[in-house]
Amino acid sequence: QGKVSRNMHLQQLGILQSAFEGLEDAGIPLHEIYRTRTGVFVAAYTAFLPACDGPDETLLRGQIMSSLADQVSYFLGTYGPSITLETACSSSLVAIAMAVASLQQGDCDTALVTGLNYLNEKDFHLSLQACGVMVQGPTSHPFDEDGAKGYIRGEGMGTIVLRRMVDAEQRGDRILCKVLRAIAASAGPSDNALEGPGRVYEQPC
């Protein structure tokens, strides 16, 4: 286990911490979630780092994208979808959409959705700057009607716990937010570039 810990990407440690904190905030003890149909949906970006003990099986388990969600499912001892996804800036929203769909379809009874962004790569940041998507001035205006003027990258993590409303009410869960109507995710053609949004798909439903 020591080698696994040393070769584990910092995002994996952060996601495990966030998942535990999310369950704690929801008032769900670990023994209650153990061996239940719980889905884990992780939105994150990761890349390989140099191995501390050389490239072996612990590097594979500690750094590949799928392990981000799988580590949470493994440590919690849960059954259900275990999915890591990366769709750039929309990753967390797409993860929520997938978790809601999974609950609606009966694939799981509880869903953990974790979003994490960890800034540790200089070259990736410089690449974004070269693409012109980083803010050049003192303020950020990524959604201006007159044209996006860049954004500022942020670092952080968070986990929300989702359940079907009828199940949450029967269990007496502390409900902080409700998905009243629907949630959906869609890719739309951009008006000008791969990195830009498609305006027609940003209109309210």
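Okay, let's start with a salt bridge: Arg 174 pairs with Asp 25, and their closest N and O atoms sit 3.3 Å apart. Arg 174 comes in the segment after helix H8, which covers 165-171, while Asp 25 belongs to helix H2, so this pair ties together parts that are 149 residues apart in sequence. Before I go on, please keep in mind that this is a predicted model.

How exposed are the two partners? Arg 174 is partly exposed, at a relative accessible area of 49%. Asp 25 is partly exposed too, at 47%.

I'll pick out a couple more.

Next up is Glu 32 with Arg 171, where the closest N and O atoms are 3.8 Å apart. Glu 32 lies in helix H3, residues 30-33, and Arg 171 in helix H8, so here the pair ties together parts 139 residues apart in sequence. The cut-off for a salt bridge is 4 Å from nitrogen to oxygen, and this pair, at 3.8 Å, makes it in. Glu 32 is partly exposed at 33% relative accessibility, and Arg 171 is partly exposed at 47%.

Which residues are linked with them in a network of salt bridges? The network links Glu 32, Arg 163, Arg 171 and Asp 173.

Then there's Arg 37 and Asp 109, whose side chains meet at 3.0 Å, N to O. Both of them are in loops: Arg 37 is in the one between H3 and strand E1 (38-43), and Asp 109 is in the one between helix H6 (91-105) and strand E3 (110-117), so the pair ties together parts 72 residues apart in sequence. Arg 37 has a relative accessible area of 37%, which makes it partly exposed. Asp 109 is partly exposed as well, with 24%.

H6 has 15 residues, and from its first C-alpha to its last it reaches 21 Å, close to the 21 Å expected at 1.5 Å a residue. Which of its residues are buried? Those are Ser 91, Val 94, Ala 95, Ala 97, Ala 99, Val 100, Ser 102 and Leu 103. If you're looking at the spacing in that list, remember that an α-helix has 3.6 residues a turn, so residues three or four places apart point the same way. And what covers the buried residues of H6? The cover includes E1, strand E2 (82-85), E3 and strand E4 (156-163). After the helix comes Gly 106, with a positive phi near 80 degrees.

Let's step into one of those covering strands. Thr 114 lies in E3, and at 3% relative accessibility it counts as buried. What does Thr 114 touch, leaving out residues up to four places away in sequence? The list is Ile 15, Ser 18, Phe 41, Val 42, Ala 43, Gly 158 and Thr 159.

Two of those names lead us back to H2. Gly 22 sits in that helix and is buried, with a relative accessible area of 10%. Aside from neighbours within four places in sequence, Gly 22 is in contact with Thr 159 and Val 161. How far is Gly 22 from Gly 158? They are 136 residues apart in sequence and 7.5 Å apart in space, C-alpha to C-alpha.

Now for the outside. Phe 20, Leu 30, Tyr 74 and Phe 75 form a nonpolar patch on the surface, and together they have about 430 Å² of accessible area. Phe 20 is another residue of helix H2. Is Phe 20 buried or partly exposed? It's partly exposed, at 34%.

The structure holds one aromatic pair. In that pair the ring centres of Tyr 74 and Phe 75 are 5.4 Å apart and the planes stand at 75 degrees, so the pair is edge-to-face. Tyr 74 is exposed, with a relative accessible area of 62%, whereas Phe 75 counts as partly exposed at 44%.

That's the tour, so over to you for discussion.

Methods: Residues numbered from 1 in each chain as written. Predicted model: local features only at pLDDT ≥ 70, side-chain atom pairs only at ≥ 80, totals over all residues. Heavy atoms only, no water. Patch = residues over 30% accessible without salt bridge, like charges linked within 9 Å, V, L, I, M, F, W, Y side chains within 5 Å. Areas by Shrake-Rupley, 256 points an atom, 1.4 Å probe, with all protein chains shown as cover. Helix = DSSP H or I, 4+ residues; strand = E, 2+ residues; numbered from the N terminus. Buried < 20%, exposed > 50% of the residue type's maximum accessible area, 1.4 Å probe, protein only. Phe/Tyr/Trp six-rings, centres within 6.5 Å; stacked < 30°, edge-to-face > 60°. Expected span 1.5 Å × (residues − 1). Contact = heavy atoms within 4.5 Å.
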